[in-house]
Amino acid sequence: MTPVPAAANHGSRRRTTRPARTDTRRTTRGPAPHAATDTGRHTPTPQESHHRMTTHTQNRTARAARLRTLSLTALATTAAAAAALTLTSTSAHAAETKQPTAPAAPTTGDSQPGGSGYANNLDGWIKESLAIMKAKGIPGTYEGLHRNIMRESSGNPNAQNGWDVNAQKGTPSKGLLQVIQPTFNAYHVNGTAHSLTDPVANITAAANYAADRYGSIDNVNSAY
């Protein structure tokens, strides 16, 4: 039997054992798991993605609701302020409208109720006549007018004298201060009625005549 050389025998053992070690390393190392990547980032699962989208949608909805609430609040505040301003302006205007105003000095002999702001009675006629007399520069007082009116007509604007010399001449004395038509025409005061028996026109014409002849109606104490 031929002996086997030592070198050949040694090489045979090395070829037999080396492949075994190589196969073992490839089997145990294997490819790296798919979850581990070079970037180190975590890939979200479908459940996580859905949760994030739901949360984002809820946040946007909440923000939109807050914005709508703020807008409505601002509009309500603005409307309330405008309403308050309008109410204040309206109340102030109403207050100004209700303020009483002093009646202006009458410029006509209208002695009807409400026509000149004076009462349609003897007191109102005298006061209206005095206002016109003052504007025209005709002297006279309430007492002087009232005293002569009561003596001449007892306060009756339609009183007429049918028996004196004037009546006999066809020009009877008429009215509160018993004025004849020619005298009334001569001393009529502009701004009063052109009627001899109109209370205000009669008083102012008589006062104008008395001022021209006697200085003032206050100086007349008898028939004139």
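**Exercise 1.** Against which helices do the buried residues of α7 pack?

*Solution.* The model is predicted. The buried residues of α7 are Pro199, Val200, Ala201, Asn202, Ile203, Thr204, Ala205, Ala206, Ala207, Tyr209 and Ala210. These buried residues pack against α3, α4 (142-152) and α6 (181-187).

**Exercise 2.** Describe the packing of α3 with α7.

*Solution.* Two packed helices are described by the angle between their axes and the distance between the axes. Helix α3 covers residues 122-136 and helix α7 residues 199-214; their angle is about 50° and their axes lie 9 Å apart. Helix α3 is therefore oblique to α7. The handedness of this crossing is right-handed. On the α3 side, the contact is made by Trp125, Ile126, Glu128, Ser129, Ile132 and Met133, which meet Pro199, Val200, Ile203, Thr204 and Ala207 of α7. Sorted by class, this contact holds eight nonpolar, two polar and one charged residues.

**Exercise 3.** Determine whether Ser154 and Gln178, each with a positive phi, are buried or exposed.

*Solution.* Most residues other than glycine have a negative phi. Ser154, in the loop between α4 and α5 (165-168), has a phi near 60°. Its relative accessibility is 56%, so Ser154 counts as exposed. Gln178, in the loop between α5 and α6, has a phi near 50°. At 13% relative accessibility, Gln178 counts as buried, the cut-off being under 20%.

Definitions and conventions
Residues are numbered from 1 along each chain as its sequence is written. This is a predicted model: local features need pLDDT of at least 70, side-chain atom pairs count only at pLDDT 80 or more; totals for chains, interfaces and linings use all residues. Side-chain values use heavy atoms; hydrogens and water are left out. Axes are lines fitted to C-alpha atoms, for helices over the stretch in contact, and angles run from 0 to 180 degrees between N-to-C directions. Helices (H or I, at least four residues) and strands (E, at least two) are DSSP runs, numbered from the N terminus. Angles under 35 degrees count as roughly parallel, over 145 as roughly antiparallel, 65 to 115 as roughly perpendicular and the rest as oblique. A crossing is left-handed if the near helix is turned anticlockwise from the far one by less than a right angle, and right-handed if clockwise. Contact means heavy atoms within 4.5 Å. Ala, Val, Leu, Ile, Met, Phe, Trp, Tyr, Cys and Pro count as nonpolar, Asp, Glu, Lys and Arg as charged, and the others, Gly among them, as polar. Buried means under 20% relative accessible area, exposed over 50%, partly exposed in between (1.4 Å probe, protein chains only).
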